[in-house]
Amino acid sequence: MKLLELQAGISEEWEKKGYELPQYDREAVKKATKEAPAWVHFGAGNIFRAFPAERLQQVLNQGVYDKGVIVAESFDHEIITRAYKPYDGLSLSVVLKANGTIEKIAVGSVVEALVADPEYPEDYKRLTEIFENPSLQMVSFTITEKGYSLINGKGESLPGVEEGMKAGPGPQSHLMGRIASLCYSRFMKGAMPLALASMDNCSHNGDKLKAGVMAYVQAWEKAGKVGKDFVAYMKGKVSFPWSMIDKITPRPDGAVKEMLEKDGFEDTELIITERNTYTAPFVNSEETGYLVIEDDFPNGRPPLEKAGIVFTDRETVDKVEKMKVCTCLNPLHTALAVYGCMLGHTSIHDEMEDNELRTLITRMCYEEGMPVVVNPGVIEPKDFADAVLTLRLPNPFMPDTPQRIACDTSQKLPIRFGETIKAYQKREDLDVKTLTLIPLVLAGWCRYLLGVDDSGKSFEQSPDPRLEEVKAYVKDITLGKTDNVHQALEPILSDASIFAVNLYEAGLGEKIEGMFAELTAGAGAIRAALKKYLQ
């Protein structure tokens with residue numbers, strides 16, 4: 001069983017083995033898309049194939065739409081040349097469910113795959129033609145948050161950015177410059193409207209995309225390379241909607257590869273590119289997924305709402321983002337990460353079998369987070385949390401680790417916990433001092449800084465830009481020696497850049513100090529403290 005067989009209509013064996021196949025005339029869809037393209041997506045990675053492309057397939061299967069999506073990749077050309085073009089854009093989406101069952105979906109909605117680099121002139125010419133076509137409605141992105149940035153960690157311009165800003169529209173090395181140039185080609189062909197829609201997992205993602213593209217546009221105007229009319233076009237006819245995306249798509253898994261091969265599926269090569277991208281002709285993902293998009297598409301859009309994608313206003317997108325990041329998912333991840341590292345766990349789904357840790361995050365979510373969550377209206381917070389706690393975190397197919405999630409914790413604490421603390425402070429009907437489990441997690445992070453697990457053995461802490469700074473404050477704390485806790489923790493707990501509030505001024509500092517002392521009392525103290533506070 002090979003993907004290209006589907007082009008020849010060979011399907012009987014696939015259907016017998018439970019594979020879901022495209023229910024539309026793919027050649028007709030390819031023809032309609034080539035003549036009047038509507039959607040281009042930048043970022044050919046796993047999440048694109050497992051989520052937006054798979055949802056478009058659902059719409060095509062319903063017979064209510066007749067165009068596919070064109071995928072373009074600017075960062076890692078090998079994804080296109082090795083994982084897309086040899087298979088004519090076809091791929092296999094393997095949905096791994098928490099109950100141990102799987103869905104296998106042959107996805108055919110990607111009808112063209114292009115390298116978005118002027119060094120590939122044929123592909124880039126085609127991409128320019130697509131941008132010049134009045135039919136184009138949406139250009140979307142999953143390029144990771146750093147894909148929008150024009151500077152490095154030191155604040156210096158990335159290679160080619162300054163030169164590209166001086167040169168004006170044309171060949172560019174950074175994707176944001178290429179997008180600005182492609183928009184200029186569209187402007188010159190008739191200034192047709194367009195939506196540039198980020199689908200990356202970062203807050204206010206549309207603003208990050210807009211900042212990157214408009215930096216080029218404004219630099220070109222300043223350098224006299226474009227006129228004010230182009231700037232006006234980009235500000236008036238090109239939209240940058242926000243979105244919230246949430247779906248786990250880990251790298252292609254060896255166990256999934258073996259399972260497919262036993263089925264007779266042959267296109268299972270695990271591809272590792274020179275840029276260290278892990279991909280394959282198949283993609284594996286969790287069953288749950290959310291995509292909420294600001295409905296700001298000045299030239300129309302594909303009817304993706306028919307496949308469960310939510311289109312709404314910007315304020316609602318922001319509420320969904322906050323619901324996820326502040327209450328229903330991200331704080332639970334951080335709690336599992338911190339305590340998982342100290343209790344010897346190496347997988348998130350194993351932690352969900354640990355009674356204390358499962359109880360900690362469940363009660364923290366429902367009892368302390370939910371009272372201040374703002375219901376966005378389009379997704380019920382309790383339903384979202386229920387799915388996280390019963391389907392997502394316990395899923396044995398999802399090979400996530402507390403060690404990975406513990407990366408950059410100091411950067412995550414302000415929004416994951418600080419926003420809830422601030423919400424309690426603002427509410428007259430709630431008392432921030434009644435919080436217990438959120439302080440227990442923050443005390444746990446301070447205990448994590450010692451780099452010693454609950455048995456007294458050292459463990460390797462995950463990378464964090466402020467790790468060495470905050471570790472220095474607790475360097476004299478050892479298990480059983482807790483007489484100088486206030487002196488050690490006061491500089492940390494009073495730092496609003498870490499927690500979004502001064503925890504002493506919030507009335508929680510002393511409580512966290514006390515919990516920290518309990519967690520540090522000796523070997524086994526972490527488990528004992530969890531049992532005490534979760535009784």
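**Aromatic rings in a predicted model**

The structure holds 16 aromatic pairs, a pair being two rings of Phe, Tyr or Trp (its six-membered ring) whose centres lie within 6.5 Å. This is a predicted model, in which local features need pLDDT of at least 70 and side-chain atom pairs count only at pLDDT 80 or more, while totals for chains, interfaces and linings use all residues. Residues are numbered from 1 along each chain as its sequence is written, and side-chain values use heavy atoms, with hydrogens and water left out.

A pair of aromatic rings is described by the distance of the centres and the angle of the planes. Planes under 30 degrees apart count as stacked, over 60 as edge-to-face and the rest as tilted.

Trp14 is buried at a relative accessible area of 0%, and Phe265 is buried at 1%. Buried means under 20% relative accessible area, exposed over 50%, and partly exposed in between (1.4 Å probe, protein chains only).

Phe141 and Tyr148 form another edge-to-face pair, with 6.5 Å between centres and 65° between planes. Both residues are buried. Ring pairs also link Phe141 and Tyr148 with Phe42 and Phe131 into a cluster.

Charges sit over rings as well (NZ of Lys or CZ of Arg within 6 Å of the ring centre and within 35 degrees of the ring normal). The charged end of Arg275 is over the ring of Phe75, 4.4 Å from its centre. Arg301 lies over the face of Phe311, 3.5 Å from the ring centre.
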